[in-house]
Amino acid sequence: MSVDGMWNVTLNSPMGAQAGTLELVTDGPTLTGTMSGPQGNLELENGIVDGENLSWTVNMIQPMPITIEATAVVDGDEISGEANLGAFGTATFTGTRA
C-alpha cells in the first residue's frame, strides 16, 4: 500500500500531546512532503522510503532551532514512529490516514 497522502498524527512531546498532519509524497525511494502543526508548516528533508519504512528530517525554527530526525512505519491506514528531538530526547507519534 502506498504511504502517499495526508496523515493525522499526534506527537507525544515533552510539552504534551501535539496534533498535526503529515503530507507524504513518494517518488521511488525519495520521500518529500510537509509536517504541519503548532510550529507551522515545515518541509520534510532527506526523506527515504524503504517499503513501509520511512525516515526524514525537519528543520524547526520556532520556538527554538532544532533538527528533528524521524522514523516511521506505515501499516495500512496507520502510521507510527519516533522523532529524535535533540536535547529534548525522543518522542513517539501515531496517526491515521486522513
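Visitor: How do β5 and β6 pair, parallel or antiparallel?
Guide: Strand β5, residues 45–50, pairs with β6 in the antiparallel sense, over 4 bridges. Keep in mind that this is a predicted model.

Visitor: Which residue has a positive phi although it is not a glycine?
Guide: Asparagine 46, at about 55 degrees. Most residues other than glycine have a negative phi. You'll find asparagine 46 in strand β5.

Visitor: Is asparagine 46 buried or exposed?
Guide: Exposed: its relative accessible area is 58%, and the cut-off for that label is over 50%.

Visitor: Back to β6. How does it pair with β7?
Guide: Antiparallel again, this time over 8 bridges.

Visitor: I clicked on valine 58. Where is it?
Guide: Valine 58 is in strand β6.

Visitor: Buried or exposed?
Guide: Buried, with a relative accessible area of 0%.

Visitor: What does valine 58 touch?
Guide: Setting aside residues up to four places away in sequence, valine 58 touches Met35, Leu42, Glu43, Leu44, Ile66, Thr67 and Ile68.

Visitor: And how far is valine 58 from asparagine 46?
Guide: In sequence they are 12 residues apart, and in space their C-alpha atoms are 8.6 Å apart.

Visitor: Let's talk about the inside. Which members of the largest nonpolar core touch the most other members?
Guide: Leu22, Leu24, Leu54, Trp56 and Ile79 do, out of 23 residues in that core. β1, β2, β6, β7, β8 and β9 each supply at least two residues of this core. The largest share comes from β7, with 5 residues.

Visitor: What is tryptophan 56 in contact with?
Guide: Quite a list, once you leave aside neighbours within four places in sequence: Leu22, Leu31, Leu44, Glu45, Asn46, Gly47, Ile68, Glu69, Ala70, Ala72 and Phe93. Notice that asparagine 46, the residue with the positive phi, is among those contacts.

Visitor: New topic: where is serine 13?
Guide: Serine 13 is in strand β1, which covers residues 5–13. Serine 13 counts as buried, at 13% relative accessibility, because the cut-off for buried is under 20%.

Visitor: What lies 2.8 Å from a polar atom of its side chain?
Guide: The backbone oxygen of glycine 16. Beyond residues up to four places away in sequence, serine 13 touches Gln18 and Ala91.

Visitor: Then what about glutamine 18: which strand is it in?
Guide: Glutamine 18 lies in strand β2. With a relative accessible area of 16%, glutamine 18 is buried. Apart from neighbours within four places in sequence, its contacts are Val9, Thr10, Leu11, Ser13, Pro38 and Gln39.

Visitor: And glycine 76, where's that?
Guide: Glycine 76 is in the loop between β7 and β8. At 28% relative accessibility, glycine 76 counts as partly exposed. Its C-alpha is 18 Å from that of isoleucine 48, which is 28 residues apart from it along the chain.

Visitor: Zooming out, how many helices and strands are there?
Guide: The protein chain has 0 helices and 9 strands. The radius of gyration is 12 Å, close to the 13 Å that the globule rule gives for 98 residues, so the chain is as compact as a globular protein of that length.

Visitor: What does the C-alpha trace span?
Guide: About 35 × 20 × 20 Å along its principal axes.

Visitor: Last one: what share of the residues counts as buried?
Guide: 34% of the 98 residues. As for the surface, the chain exposes about 5,500 Å², and carbon and sulfur atoms supply 54% of that.

Note on methods
Residues are numbered from 1 along each chain as its sequence is written. This is a predicted model: local features need pLDDT of at least 70, side-chain atom pairs count only at pLDDT 80 or more; totals for chains, interfaces and linings use all residues. Side-chain values use heavy atoms; hydrogens and water are left out. Buried means under 20% relative accessible area, exposed over 50%, partly exposed in between (1.4 Å probe, protein chains only). A polar contact is a pair of N or O atoms within 3.5 Å; within protein, one must be able to donate a hydrogen and the other to accept it, and residues adjacent in sequence count only if both atoms are side-chain atoms. Contact means heavy atoms within 4.5 Å. A nonpolar core is a set of buried Ala, Val, Leu, Ile, Met, Phe, Trp, Tyr and Cys residues joined through side-chain atoms within 4.5 Å. The radius of gyration is taken over C-alpha atoms; the globule rule is 2.2 Å times the number of residues to the power 0.38. Accessible areas come from the Shrake-Rupley method with a 1.4 Å probe; for residues, only the protein chains shown count as cover. Two strands pair if DSSP finds at least two bridges between them.
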